[in-house]
Amino acid sequence: MRTPDFGLRPIGFLDDDPDKDGVRVADADNPQHLLPVLGGLDALTDVALEHGIEVVVLAIPGLPHEEFRKIAAGAAALGAAVRYLPSFLVALRRDVVGSDMRMLDVNRLIGRQELHVVSASVREVIAGRRVLITGAGGSIGSELCRQVYGFGPSRMYMLDHDESNLHRLQLDVWGEALLDDESLVIADIRDRPRIEQLFHELKPEVVFHAAAHKHLPLLERHPCEAVKSNVLGTENLVRAALDIGVERFVLISTDKAADPVSVLGATKRLAELIVQANTQAPGVFAGVRFGNVLGSRGSLLSVLAEQLRAGGPVTVTHPDVTRFFMTIEEAVGLVLEAGRMAQGGEIFVLDMGEPVRIVDLVHKFAEQVNLPDVPIRFTGLRPGEKLNEALFAAGEERLPTEHRRIQATVPPGQALDAVVRLPELYEAAAVNDTKAVRALLSELLPGYTTPAPSAVEVVSAPYPDDF
């Protein structure tokens with residue numbers, strides 16, 4: 001209460017100590033305002049729903065690991081963020097203990113209030129079902145794992161081709177990483193026989209597909225690899241899902257798929273079309289488009305922090321470049337809500353308000369870390385980058401959903417014609433024929449053009465995709 005920049009407004013306490021039942025703690029600013037003990041730890045769900053809780057703070061350093069995990073999972077299932085204080089011994093080793101709960105004001109950075117998208121009814125889609133998450137070791141995939149786990153799946157299979165990612169993920173979700181659990185699956189989505197084998201063995205009922213190549217400038221230089229992972233990899237998963245009768249399949253896409261001008265956007269648009277081509281399947285196939293996700297690996301904030309730590313300058317492509325931003329919690333909430341609301345063939349998009357100028361975001365971030373005079377160096381837009389992104393393509397119809405901040409679109413019939421010609425694209429990518437891949441992408445997606453290889457330059461300054 002005495003530190004408003006924590007961004008927290010206390011509602012009350014949960015405590016298992018019966019002697020504290022009915023104890024009140026005074027508001028530091030208003031001694032007449034008393035905060036109640038609302039129940040024991042097992043009352044978390046009821047209390048959080050009743051009071052619309054957005055943050056759960058665990059202030060019990062000695063809480064057993066299993067109890068900690070149970071509370072954290074319960075909070076995640078309610079769409080609440082979890083913050084916790086370290087143990088006393090850990091605190092002694094830190095220079096600034098008070099910063100453990102400090103957090104950037106994300107609302108100022110993204111220019112709007114952060115949305116709590118996920119609803120309790122998502123549990124109906126996940127509870128008691130076998131759930132497979134691809135790209136599980138990535139930023140979005142790992143957050144998906146944490147939130148899905150809180151909804152009580154009968155099994156949660158975490159697939160990634162990087163064993164180090166899986167090790168880190170299991171340590172994060174379970175608190176230990178023995179790597180001897182069948183929930184961890186090491187596989188490459190580009191390997192069709194392996195994917196088919198896994199689907200027949202694991203029989204997932206719900207699939208969240210987060211695995212992809214996503215670094216825009218790299219994919220401009222290596223379009224064949226983009227096709228192999230983003231397009232062929234998606235088709236491998238969709239085919240396997242159809243073969244075993246998966247109930248729900250949700251693809252994670254990007255706003256760069258709307259009227260794409262980059263290899264990343266083009267290959268993700270084709271991935272969307274693969275999913276949307278299966279509206280007649282017994283299961284439900286749909287997708288979501290993300291804006292730029294704050295908090296993901298290689299995202300703007302992590303690169304800004306690194307550049308500021310190194311003394312600057314901060315690199316930005318263009319003074320007027322804008323992007324849509326969302327938090328990692330919003331992104332995962334959108335995926336889970338899409339899985340619940342989908343009827344088949346939709347691409348869901350979160351209303352992210354107005355796009356944010358990157359320069360403004362840099363200044364706001366610098367102010368929050370007490371570096372108001374940050375130098376900025378403009379490097380110029382790279383091939384495949386837009387000055388301003390759009391959430392929907394020019395010819396796409398925006399459809400309302402039952403969630404007032406989520407819209408959807410379905411493809412025009414002729415757009416699905418591209419799916420029939422995908423084998424040609426795969427053949428060109430298999431022999432690493434970059435020229436043919438570029439030409440086919442342009443043919444399959446009318447209006448899309450890709451720069452010639454000679455136009456692709458390497459910029460030495462490190463900064464993330466699209467900024």
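How many bridges pair strand 19 with strand 20, and in which sense do they run? Hello everyone, let's start there. Strand 19, residues 399-400, pairs with strand 20 in the antiparallel sense over 2 bridges. Two strands count as paired if DSSP finds at least two bridges between them. Strands here are DSSP runs of E with at least two residues, helices are runs of H or I with at least four, and both are numbered from the N terminus.

A word on the source: this is a predicted model, where local features need pLDDT of at least 70, side-chain atom pairs count only at pLDDT 80 or more, and totals for chains, interfaces and linings use all residues. Residues are numbered from 1 along each chain as its sequence is written, and side-chain values use heavy atoms, leaving out hydrogens and water.

Back to our strands. Strand 19 and strand 20 make a hairpin, with 5 residues between them, and Leu 399 stands opposite Ala 408 in strand 20. Strand 20, residues 406-409, is also joined by 4 bridges to strand 16, residues 347-350, and those two run antiparallel. There, Leu 350 stands opposite Ile 406.

Now to the inside. The largest nonpolar core has 48 residues. Such a core is a set of buried Ala, Val, Leu, Ile, Met, Phe, Trp, Tyr and Cys residues joined through side-chain atoms within 4.5 Å; buried means under 20% relative accessible area, with a 1.4 Å probe and protein chains only. Helix 10, residues 223-244, gives the most to this core, with 9 residues. Leu 270 is among those with the most contacts inside the core. Leaving aside residues up to four places away in sequence, Leu 270 touches several residues, including Leu 422, Leu 425 and Leu 441, where a contact means heavy atoms within 4.5 Å.

Leu 441 brings us to helix 17, whose buried residues are Val 437, Arg 438, Leu 440, Leu 441 and Leu 444. Seen down the helix axis, they fall within an arc of 165°, so they line one face of helix 17. That arc is taken from the directions from the helix axis to the C-beta atoms. These buried residues pack against helix 9, helix 10, helix 11, helix 15 and helix 16.

One last stop: is His 209 buried or exposed? His 209 counts as buried because its relative accessibility is 1%. Its side chain joins that of Thr 234 through a polar contact of 3.1 Å, meaning a pair of N or O atoms within 3.5 Å, one able to donate a hydrogen and the other to accept it, with sequence neighbours counted only if both atoms are side-chain atoms.

Notes:
Buried means under 20% relative accessible area, exposed over 50%, partly exposed in between (1.4 Å probe, protein chains only).
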